[in-house]
Amino acid sequence: MTNKAKRLYFYTTATLLSALAVALVLIALDENIIYFYSPSEVNQSEAATLLRVGGLVKDGSLKKDSDLGIKFIIEDNIAEVSVIYNGILPDLFREGQGVIAEGKFIDNLFIANEIVAKHDENYMPKEVYESLKNK
Amino acid sequence: MIALTGNLLLLFALLSSIATLFFAKTPAINEHKKYKFACLFGIFQFLFILFSYFLLTYGFVVSDFSLVTVWQNSEIQKPLIYKITGVWGNHEGSMLLWLLILSICLFFIIKYDGKIPKHVQLNTIAIQTSIIFAFLLFILFTSNPFALQLPIPIDGIGLNTLLQDPGLIIHPPLLYIGYVGYSVLFSYSVAIMLENKLTDNWARWIEKWAYISWIALTLGICIGSWWAYYELGWGGWWFWDPVENASLLPWITGTALIHSLLNYKSTGQHRDWTLLLSILTFSFSLIGTFLVRSGILTSVHSFASDPQRGLWILIILSFFIFFSLFIFLRNLQKESEKKDFVFLRRGTFILINNYLLMVSVVVIFFGMMYPLLLEAITGDRITVGPKYFNIVIAPLVILIAILMPIGPNLSWKDNWTQLAVKRLMISFVITIFLIISMQLVIYENADAFHLLLISLALWIFIASIVDLLPRNLSEFRIEFSGLKRKNLPIIGSRITHMAFGIMLFGIIYASAYSENKDLKMNLGDKIQIDRFELQYDGFGTHIGENYDDLQINFSLIKDDKKIANMTPAKRFFRKSGDITTEASIQKYYFDHMYITVGEVQEQFIYASVSYKPFVRFIWLGGFLMAFGVLFKTIFRSKIFGTTNA
């Protein structure tokens with residue numbers, strides 16, 4: 001094989017692999033993006049898709065039952081979403097403060113598998129801030 | 001007083017940088033004088049910035065709340081160590097640290113790179129100075145750490161409690177040394193490209209900077225990961241958080257750069273690509289800074305969002321990236337002579353390495369920017385889940401891991417193919433043997449995918465060791481005597497490759513075989529996790545300097561014998577009233593038992609308990625990688641020393 005042919009093979013392989021990578025990226029992206037909604041935007045019929053709901057934890061809505069189950073309401077001054085979460089809440093989870101819950105809707109209840117509250121007391125998740133700003 | 005002096009010092013630094021630029025570029029005086037004055041004012045820049053940095057530290061130490069930055073991020077009660085390191089625990093101070101490191105780099109360029117021709121040196125100093133100049137403007141106009149406020153408050157607001165941790169002492173400076181160290185590579189590369197006639201030595205000039213920055217960045221990322229692991233209380237060590245990605249991108253391009261430099265030094269090929277990589281690496285450092293400082297991506301690292309700051313950095317960033325790309329394209333040289341293309345050569349495998357690393361950069365960068373892109377176009381707000389990154393990175397890591405041991409076994413020029421095949425076969429057989437015996441002894445329930453990945457980690461580890469055996473047994477003694485000098489940098493490289501294998505092993509093992517339980521425990525309850533039992537014994541208190549801990553006591557039991565006490569805690573900060581969760585981590589060989597506690601009631605607690613086998617390999621591997629390159633750097637300079645051979 002000539003040098004030219006060898007180089008050609010080499011770069012063709014690289015190009016094909018790149019195309020493969022692009023395909024993989026698109027597939028992976030399609031399955032793993034998580035949409036963010038505020039309580040008033042959320043469409044509860046969108047069952048069984050993983051999504052994020054963000055807003056403020058409604059004052060007085062936090063309830064704990066005997067086990068690890070935790071119930072609270074996320075609100076945005078217009079609508080409310082009831083959330084159920086099994087697990088340990090982050091340190092900075094407070095009533096009246098910003099929160100993002102990731103999970104799925106089942107029978108009009110939002111079953112969260114993760115509560116994101118990695119902000120300090122002054123800081124609100126960007127998405128929450130922006131969705132509340134317009135309310 | 002501090003505010004005024006600080007502002008003056010920054011102003012003097014700004015004037016010095018203007019003077020440096022002037023003397024570097026003025027046609028009025030001869031080169032010798034140009035160089036002398038540019039260097040002099042370069043040193044002035046460094047000194048003024050250094051003093052201003054010390055002054056700010058002093059402001060923190062004596063709690064001078066007339067400075068807004070000090071007031072917002074410090075308090076009288078704060079322990080001294082966090083007053084000193086708290087300087088970089090906020091936006092303004094951390095930008096001053098960034099600037100300080102930029103000027104320290106300038107100082108080193110001036111003081112220790114005397115072998116480099118004066119005109120290249122002069123251009124390098126000018127480019128480095130213009131970066132300093134841009135960041136000085138940025139600090140003075142948008143992030144002045146010496147901003148004054150009156151009347152002076154009695155006490156400060158205090159440092160974010162999550163940051164009051166030993167991690168703060170070391171993680172940011174190391175990361176910044178890594179990020180900013182690449183500015184030197186950037187300055188040299190642009191200066192080299194500005195040359196019409198090229199000397200071949202440039203790869204040697206910039207090599208040590210490529211190593212040092214890489215070492216600092218690697219350590220910075222490792223320590224950051226370790227910090228997140230124990231402090232954020234999730235027991236995860238990598239979250240694909242945008243800011244983590246931002247540090248990973250220059251790390252990957254920096255890794256590609258180190259390899260490409262080796263290739264250029266040995267074969268003289270891919271000069272432009274190597275220069276482009278050093279520009280790219282610093283560009284990613286800038287992009288990382290932009291993303292963190294502008295707050296446009298939600299992340300654990302956001303200090304405060306201020307769009308104006310983001311805009312400034314975006315301008316700086318665009319200017320330097322486009323400027324350098326322009327110079328790059330203008331000076332793009334047609335590779336003078338195409339050498340014979342032979343597949344089984346080390347150079348070819350470095351090319352493949354660079355290709356795979358760049359694909360990794362592209363897919364990570366895309367995943368990181370996609371939410372911004374989509375929001376700009378459709379207005380939808382999304383998050384790209386960690387699973388995306390795992391899915392796209394896994395095949396790349398697999399390819400890299402398969403190929404990683406092959407390249408170093410091949411020669412730059414000669415045909416060692418037979419020998420390479422023999423050695424790789426030995427490594428392959430040992431790997432297969434180990435994986436089968438491991439399978440028989442430890443885990444019987446491994447799935448094929450993880451088994452493959454673990455085999456690959458072992459493959460890298462073993463092949464790196466086998467590669468250190470002398471190439472020719474009959475010449476063993478010659479090789480052995482050569483060990484003292486010539487082979488030492490090679491040992492460094494192999495340590496780093498081996499360490500990557502160790503890290504990969506830890507990552508895969510800990511992800512695949514960790515066990516986690518979230519549960520409610522009553523006093524005296526015992527739970528079973530992996531081969532251990534954990535018993536909840538009650539709680540106690542511990543008084544810290546500016547906090548009180550509520551400690552929850554556990555006994556870790558193995559085979560009915562207590563092997564350790566574990567005390568995760570709830571930490572109450574007296575001043576702010578903040579509560580943080582302190583994890584308790586117990587080592588067991590290379591494994592960790594990890595406990596955090598959620599709610600604590602009189603009768604019961606909520607605990608999250610994890611057992612993470614081989615998780616310590618992740619950081620052990622990371623540190624060893626940095627050590628390998630350090631080893632290489634030290635012995636490389638010892639060997640080549642002043643001769644610059």
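View 1. Residues are numbered from 1 along each chain as its sequence is written, and chains are lettered from A, with ligands numbered from 1, in the order in which they are written. The model scores ipTM 0.86 and pTM 0.93. Chain B has 19 helices and 11 strands; helices (H or I, at least four residues) and strands (E, at least two) are DSSP runs, numbered from the N terminus. Its C-alpha trace spans about 85 × 80 × 55 Å along the principal axes.

View 2. Over residues 475-482 of chain B pLDDT stays under 50, and the model has six contacts for them beyond four places in sequence, a contact being two residues whose C-beta atoms, placed from the backbone, lie within 7 Å. Residues 640-645 of chain B also have pLDDT under 50 throughout, with four contacts beyond four places in sequence. Where pLDDT is low, the predicted coordinates should not be read in detail.

**View 3. The largest nonpolar core.** A nonpolar core is a set of buried Ala, Val, Leu, Ile, Met, Phe, Trp, Tyr and Cys residues joined through C-beta atoms within 7 Å, and a residue is buried if 20 or more other C-beta atoms lie within 10 Å of its own, exposed if 12 or fewer, and partly exposed in between, with C-beta atoms placed from the backbone. The largest such core has 181 residues, and those with the most contacts inside it are A:A101, B:L99, B:L102, B:A457, B:I460 and B:F505. Helix α8 (residues 202-231) of chain B gives the most to this core, with 18 residues. Leaving aside residues up to four places away in sequence, B:I460 touches B:A401, B:M404, B:P405, B:H497, B:F500, B:G501 and B:L504.

**View 4. Where chain B meets chain A.** In this contact region, 31 residues of chain B are in contact with 28 residues of chain A. On the side of chain B that touches chain A, the elements giving two or more residues include α12 (346-378), β1 (381-384) and α13 (386-403). By class, this side has 16 nonpolar, nine polar and six charged residues, where Ala, Val, Leu, Ile, Met, Phe, Trp, Tyr, Cys and Pro count as nonpolar, Asp, Glu, Lys and Arg as charged, and the others, Gly among them, as polar.

**View 5. Strand β1 of chain A and its partners.** Strand β1 (residues 33-37) of chain A pairs with β1(B) in the antiparallel sense over four bridges, two strands being paired if DSSP finds at least two bridges between them. In β1(B), B:I382 is the bridge partner of A:Y35, and B:V384 is that of A:I33. Within chain A, β1(A) pairs in the parallel sense with strand β2 (residues 51-57) over three bridges, and A:Y37 has A:V53 as its bridge partner in β2(A).

Definitions and conventions. Predicted model: local features only at pLDDT ≥ 70, side-chain atom pairs only at ≥ 80, totals over all residues. pLDDT = per-residue confidence, 0-100.
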